[in-house]
Amino acid sequence: MKTISRLLILFLAFASLAQVLANPKEGEINPKFQDGNDKPGV
Amino acid sequence: MRVTKVGKNSQNSIILIPGGPGLSTSYLRSMDQLSDKYQLHYLDLCGTNGTEVEILDAIKIASKIKEYAETIESGFTLLGHSYGGYLASKTATITSPRALICISTPLSSNSMNFAIDNYSQNRSRELIEKEAQWLANNSDDTFKAWLSSYGKLYFNTNDERWKDLFLKDNTSYRFFLNNSNDIENDKSVLIHIARTDFPKLFIAGNDDALIPPSVLKIDAEAGSFKYSPIDNAGHFPMLENPKRTISTIDDFISTIPPQRK
C-alpha cells in the first residue's frame, strides 16, 4: 500500500512538471524552446 | 533550390534570399518593382515553395547559392532579408559578388540575444498561444500561425495583410528547426565580411521592435556596411515602406561600376 502511494505521488509530481513545461507564462521562455526551437523567427 | 526570375536586364542581376529561416520568397516579391532595371533571382531552398527539404548547414547552403550565382555571367548582387541576409553574407565570403545588401539582418549573437529578449518580453497573448501550438506539434501550419502572430514585433502597423501573407506562405518549418541556431553559433561571419572589398549596404527599419536598429547598426559597422535606416517601418521594411526600401537599393546599386571581377 505504501509503495503504491509513493508511486502515485511520483506520478503526480511528474505530471505536474510536464504541465508546467507545456504552458509558458507571459514573459517566460518556454524551457521546451531547445535546439532550434529557442529562437524567434528572424 | 528553385529560382524565380523577374525582369529582363540580364546585365544587372540581384539574387534575393528570404529569412525565417523557413519563409518563402513570396514576401520579398514586394520588391518586384526593381525588375524595371534589374533581373531579380528569387531563391527558394530547403523546403520553401515546394523545394526539396534538405538538412544543410549554413556553409553548404552558401555553397549551393554560390554555385548558382556563378552561372550569372555578368555578375550579381546578393541581397538577403534577416536570416537570408546572413546566408547572403556567408555566400559573399566565398565568392565575388558585385555587392552585398542585408536588410534587418542579425549578424552576431548579440543581435540574436536582443531578438530573443524582445520576443520573450513582448509576446502578446495570441503569440504565446500560437507558440504553444507550434512547440506541441511542429508543422508548417503551426509554424505559419506562429509567425503570423508576431504583430508589433515584426510590424509598425497592425495590418491584416501581413498576417494573411504569412498564413498563406509556402514555408518550410524543417528549415527553421535545422538552421535557426546558425547566426548565434557563427562567431566569424562579421570578421570575414569586414575584410571584403566589395560595396556593402545594411538597411534597417527605424521601428524594428524585434531587433533595435541601434543594435543592428553595431553589426553593420563591424562588417563595414553603409548603414541606411528606413522610416515608418519595422522588421520588414520592404513590406511597410517598399518605395523607400526600393529607392535605397536602387540608389546604392547605381553607384557601383557595371562589371566587377
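Student: Which residue forms a salt bridge with B:Arg123?
Tutor: In general, side chains of opposite charge can pair when their charged atoms come close. Here a salt bridge means a side-chain nitrogen of Lys or Arg within 4 Å of a carboxyl oxygen of Asp or Glu. B:Arg123 pairs with B:Glu131, with their closest N and O atoms 2.5 Å apart. This is a predicted model: local features need pLDDT of at least 70, side-chain atom pairs count only at pLDDT 80 or more, and totals for chains, interfaces and linings use all residues. Residues are numbered from 1 along each chain as its sequence is written, chains are lettered from A and ligands numbered from 1 in the order in which they are written, and side-chain values use heavy atoms, leaving out hydrogens and water.

Student: Is B:Glu131 buried or exposed?
Tutor: Buried means under 20% relative accessible area, exposed over 50%, and partly exposed in between (1.4 Å probe, protein chains only). B:Glu131 is buried because its relative accessibility is 0%, and B:Arg123 is buried at 3%.

Student: How many salt bridges are there over all chains?
Tutor: The count is 11. Among them, A:Lys39 and B:Glu184 meet at 2.8 Å, N to O. That pair crosses between chains, and both A:Lys39 and B:Glu184 are buried.

Definitions and conventions
Helix = DSSP H or I, 4+ residues; strand = E, 2+ residues; numbered from the N terminus.
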